[in-house]
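Trainee: I have just opened this entry and would like to get to know it. Could we look at it together, one question at a time?

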Amino acid sequence: MELKPGLSALVTGGASGIGKALSLALAAKGIFVTVVDLSEEKGREVASLAERENAKFHLKMDFPSAMFIRCDVTKTGDLAAAFQKHLATYGGLDISINCAGIGTSIPFQTDQTDGSHSWRHTINVNLIAIIDCTRHAINCMQATRKPGVIINLGSCAGLYPMYMDPIYSGSKGGVVLFTRSLVPYKRQGIRINVLCPEFVLTEMGLKIDPAFINLTGGFVPMEMVVKGAFELITNESKAGACLWITNRRGMEYWPTPAEEAKYLVRLSSSGKRVSSSVYYEDIPIPQSFEKIIVHTLSHNFRAATSIVRRPLKLPIESRQVLVKIIYAGVNASDVNFSSGRYFSGSNQDVSSLLPFDTGFEAVGIVAAVGDSVNGLKVGTPAAVMTYGAYAEFIMVPSKHILPVARPDPEVVAMLTSGLTASIALEKAGQMESGKVVLVTAAAGGTGQFAVQLAKIAGNTVVATCGGVEKARLLKELGVDRVIDYKAEDIQTVLKKEFSKGVDIVYESVGGDMFNLCLNALALYGRMIVIGMISQYQGEHGWKPLAYTGLCEKLLAKSQTVAGFFLIQYSHLWKEHLDRLYHLFSMGQLKVAIDPKKFVGLQAVPDAVEYLHSGKSAGKVVVCIDPTFVPKASKL
């Protein structure tokens, strides 16, 4: 962000010390400044000085170029009012600097009070109020939809221990990690950084033992602190950055790249996701293992399948990887696969392939690798998306391995279900922002991703489901309008509340729901067909239906119906899985796992039938081997 006249800034703790220096430095650039502080006399003095600086840039204005607001930052109501007054006066907030801070009035080692006037108050001012200020600043910037910069004042005491005041050190350490964790806001144009100077000549700095100050190289000049703040404001690449300022080393970002490399999970040069560490070092490899096979073509999964034991082919062939499966995902299309619908040819041709493996997706641990396998080690968490996932072990070519951060059920949900939603909305739906998106069977494994991704993209999301619990889940996921078909008529709601139609439909039910959605589609609307679960479990399995008048309807409104089959987009799997996991790890994407537990291969038919019962909410997952589930720490 370029520092130029006409921008506005709000500075808490702006009546003295670093806050005062930054308020005046900003005003000297022609920036409107709101000084927020508890000290009225000092605060008004700083605001008056800021107005004089601003007079060099602004003449004959209907509003003050600088103002003071008396505020106790520990009182959230007062703080909210201060931000709102700034917003009302200047029409936006470009820069927010949160400087208010205090030391602990009573040494922690001798404090026998409840802390309300000592250590607890320090935490409220130094950490809780910073969080509150950051929250209000973000809301202001989001409301005006303009880019902004927030700087939280940390301290060197937040980077390394300050034995003389552990409470102050702890509060500032909290500020540092809180701010560094806010880097995802950069995607919204909001950059949040933390400034950590060593000792500065302020009222607080003068309380430190001069001998200790000398050992650190003396007080850091205020000009250096201002320069550091301006660096964090103007450098567009800095978000979640921590700038450490000392006389000994100058200005330096913390942590260094070498320190970051010890904990960051990065993309390799090949684009493959890599995990931070080996998950298990020793995976016992048995002589044989169990798996589920299809022995008879039938949409009745239980009747079509059985568990068999097969020997493990050792040694492992070149470029092959053996994966120990921990969790496998259950999909509606499991019954289509067991009936042979995904194979070309006549029933006789497909029958000749029997028996064949089943199960589309799983996560587990790399148990062994063959020659010429690079970048994968025994113990690496991995995902697989290939036939044969309903098994204790699976052997796959190394190119089919998707390294993941953890072999958790949430990752299983991101595979077939999550990738279908992510890729289909982007490629088949050509989803933009500002549209109305309708998702059917929205509380299911893939629907939960579709509603959230549509919402993250800035759309109005409508979702259908059946039942109070499913409706509650969808509301928690941020759906704008939930239609519970057990309590409301979907067609009536769509006609009444979305009379112009919906722009995108993510459809997985088929049958009558397909027709209903098609009739609700707006001009130029797009319908993505990712399945038709209502047609999978008929008396004779999946039978095609005739959709009379389909072409005429599409032609009349320039609409599009696009089919989507995930296997044909395998070249995008890694890219979109990275996106999903990043959103999940940043807390922007929730992953709902159905609470009903299914354990062991023998539970797979139960899980498939449960999915088709319509009772599930979220992704249905089977834990193939519970002995490999990490146990919670006792500490």
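**Helices, sheets and loops**

Trainee: Which residues of helix 1 and helix 7 meet?

Mentor: From helix 1, the partners are Gly17, Ile18, Ala21, Leu22, Ala25 and Leu26. Helices (H or I, at least four residues) and strands (E, at least two) are DSSP runs numbered from the N terminus, and contact means heavy atoms within 4.5 Å. On the helix 7 side, they meet Met222, Val225, Val226, Ala229, Phe230 and Ile233.

Trainee: How many residues of the contact of helix 1 with helix 7 are nonpolar?

Mentor: Ala, Val, Leu, Ile, Met, Phe, Trp, Tyr, Cys and Pro count as nonpolar, Asp, Glu, Lys and Arg as charged, and the others, Gly among them, as polar. In the contact of helix 1 with helix 7, no residue is charged and 1 is polar. The nonpolar count is 11.

Trainee: What kind of model is this?

Mentor: Residues are numbered from 1 along each chain as its sequence is written, and side-chain values use heavy atoms, leaving out hydrogens and water. Local features need pLDDT of at least 70, side-chain atom pairs count only at pLDDT 80 or more, and totals for chains, interfaces and linings use all residues, for the model is predicted.

Trainee: Are helix 1 and helix 7 parallel or oblique to each other?

Mentor: Helix 1 (residues 17–27) packs against helix 7 at an angle of about 60°, with the axes 10 Å apart. Axes are lines fitted to C-alpha atoms, for helices over the stretch in contact, and angles run from 0 to 180 degrees between N-to-C directions. Under 35 degrees counts as roughly parallel, over 145 as roughly antiparallel, 65 to 115 as roughly perpendicular and the rest as oblique. Helix 1 and helix 7 are therefore oblique.

Trainee: Is the crossing of helix 3 and helix 4 left-handed or right-handed?

Mentor: The axes of helix 3 (residues 76–90) and helix 4 (residues 119–144) come within 10 Å and cross at roughly 30°, which means that the two helices are roughly parallel. A crossing is left-handed if the near helix is turned anticlockwise from the far one by less than a right angle, and right-handed if clockwise. For helix 3 and helix 4, the crossing is right-handed.

Trainee: What distance separates the axes of helix 4 and helix 5?

Mentor: Helix 4 and helix 5 (residues 166–180) pack at an angle of about 15°, so they are roughly parallel to each other. Their crossing is right-handed. The distance between the axes of helix 4 and helix 5 is 9 Å.

Trainee: Which residue in strand 4 stands opposite Val11?

Mentor: Strand 1 (residues 8–12) and strand 4 (residues 95–98) run parallel, joined by 4 bridges. The residue opposite Val11 is Ile97.

Trainee: What are the edge strands of the open sheet of 6 strands?

Mentor: The pairing in that sheet is parallel, with the order 19-18-17-20-21-22. Each edge strand pairs on one side only: these are strand 19 (481–484) and strand 22 (560–563).

Trainee: Which residue in strand 18 is the bridge partner of Leu438?

Mentor: Over 4 bridges, strand 17 (residues 436–439) and strand 18 (residues 460–465) pair in the parallel sense. The partner of Leu438 is Val462.

Trainee: Where is Pro255 found?

Mentor: The peptide bond from Trp254 to Pro255 is cis, with omega near -5°. Pro255 sits in the loop between strand 8 and helix 8 (257–260).

Trainee: In which loop does Arg145 lie?

Mentor: Arg145 is not a glycine, yet it has a positive phi of about 55°. Its place is the loop between helix 4 and strand 5.

Trainee: How far apart are the C-alpha centres of domain 1 and domain 2?

Mentor: The chain is divided into domain 1 (8–261), domain 2 (288–407) and domain 3 (412–586). These bounds come from an automatic or database domain assignment. Between the C-alpha centres of domain 1 and domain 2, the distance is 55 Å.

Technical notes: Pairing = 2+ DSSP bridges.
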